Amino acid sequence: MEEELLNVRKDKVQRLRELGVNPYPYRYERQHTSRQLIDHFESLGISDDSRLNDPDVPRVQVCGRMMSFRTKGKTSFAHLMDPEGRIQIYVRKDIVGDTSYEAFSKNYDMGDIIGVRGVLFKTHSGEITVKAEEVTLLCKSIRPLPIGKERTLEDGTIERFSDVEDVEFRYRQRYADMIAHPEVRDVFIKRSRIISAIRRFLDERGYLEVETPVLQPLYGGASARPFVTNHNALDMKLYMRIALELYLKRLIVGGIDRVYEISKIFRNEGMDRFHNPEFTMLEFYVAYSDFYDLMDLTEEMLGFVCQQVHGTLEIDTMGHRVNFAPPYARLSMFEAIRQYANVDVSGMEESALRTYCREQSIATEKSWGRGKLIDEIFSAKVQDHLIQPVFITEQPLEISPLAKKHRSKEGVVERFELFILGSELANAFSELNDPVDQRERFEAQMGMRARGDEEAQILDEDFLRAIEYGMPPTAGEGIGIDRLVMILTNQESIRDVLFFPTMRPE
């Protein structure tokens, strides 16, 4: 059936050429958008039918995709969609001419991209409409749009019935999804505004945006498995980066005291509503600061971004009202476990933690040490309760190989994770700049790898050499851009904020 429809439209392409119509011209000048025509009707349009043929009436010129199309005899109506909305067009045979009308009424279809020049007026029903004097085909669509029936519900929302309501179809064919659901474009427009606001916030505070290598001889800066590739000319294995951290801290060593990067990173891991193998991360580092400074800065930045995008610091998202106004709550990981799981794990040894996990049906792996077990208990028992922004601090030393030991507490580091709506949004440290301590931490991570932990970090001799030259006291943070966009656009899955999420082959 689909192939038959494609052939019918291909035949129309040939008929159009026979009528002297180029189905794929080179350009068209858009003089107005649908929104401009609707907003400025008083100056551009007329409401008196007697002036429809007046040569002194302003002419308008729009272009876009036909989203509805009905024809009857010598008149036709259609709706044209552009990036700002829709507007109706009205085409008459006695105005556009016999050949043009035959091409339009018999060989145009929904999905075709057209340009229209004419007079703006209101129909008897009050709909603002372009009465066409010229209709230009700009692109003949040979694949029918996957748009079926739709109905408007009592609350004004539109319920659609078509292939494009299938979630997997929408992710695979995002281009078709955006045609059928213009509101999807709004999510990605907001995503762009969010990233622009972050850049503006950091640029105004003297941070320098940089680019660091995607392909790296060693991967590091996070606990994750990498994607592996090979460089043919050098005959060497390379890894796609799993974090931005180690290269950005090299730049701190080199004297760039405030630095940031917003880039794709890649982790060879499973997929769920919060994880995609490639995702966008912001990482920024500031010399002569600690993680307490970054808590204040993060509150200020997220409040700024929310205000820029929504005009308010409180938004309704994912079934909750979230307040981005500072200050945010601050809890240590151990305090949070005591509060929400009613258990004190601070004095438990590894065996006792494993027993607790078994009793609570928390899955564990043999390679995990005490710190990882505590982190897993936190994830299972606490995380879902953290709806409003909260900084979880003082994580176990064993799971934080790049953070400084806490200045006054044993066994933990100066680190925070920011949670909102039960999801980790940010991770920050007082960065470790003692090269001897850092080497020992890397060696401990290598010991974990020997136990079978494939996500433990690799010892990076070049990074150690860099901080042996001396890195000033530094604070660094990573923020998941995709998760932030999910929160600020009320989207339940990371796939809804990625144009083209990773999918299994069709």
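Is Phe 499 buried, exposed or partly exposed, and what is its relative accessible area? In this predicted model, Phe 499 is partly exposed, with a relative accessible area of 37%.

The model holds 14 aromatic pairs. In one of them, the ring centres of Phe 188 and Phe 499 are 3.9 Å apart and the planes meet at 15°, so the pair is stacked, the angle being under 30 degrees. Phe 188 belongs to helix H8 (residues 182–203), while Phe 499 sits in the segment after helix H16 (481–489), so this contact ties together parts that are 311 residues apart in sequence. Burial divides the two partners: Phe 188 counts as buried, at 6% relative accessibility, whereas Phe 499 is partly exposed at 37%.

Another pair, Phe 442 with Phe 463, is edge-to-face, with 6.4 Å from centre to centre and 75° between the planes. Here helix H14 (residues 435–450) supplies Phe 442 and helix H15 (residues 461–468) supplies Phe 463, so the parts tied together are 21 residues apart in sequence. Phe 442 is buried at 0% relative accessibility, and Phe 463 is buried too, with a relative accessible area of 0%.

Arg 250 lies over the face of Tyr 247, at 4.5 Å from the ring centre. Lys 372 is placed over the face of Trp 368, with 5.0 Å to the ring centre.

Definitions and conventions: Residues numbered from 1 in each chain as written. Predicted model: local features only at pLDDT ≥ 70, side-chain atom pairs only at ≥ 80, totals over all residues. Heavy atoms only, no water. Phe/Tyr/Trp six-rings, centres within 6.5 Å; stacked < 30°, edge-to-face > 60°. Helix = DSSP H or I, 4+ residues; strand = E, 2+ residues; numbered from the N terminus. Buried < 20%, exposed > 50% of the residue type's maximum accessible area, 1.4 Å probe, protein only. Lys NZ or Arg CZ within 6 Å of the ring centre and 35° of its normal.
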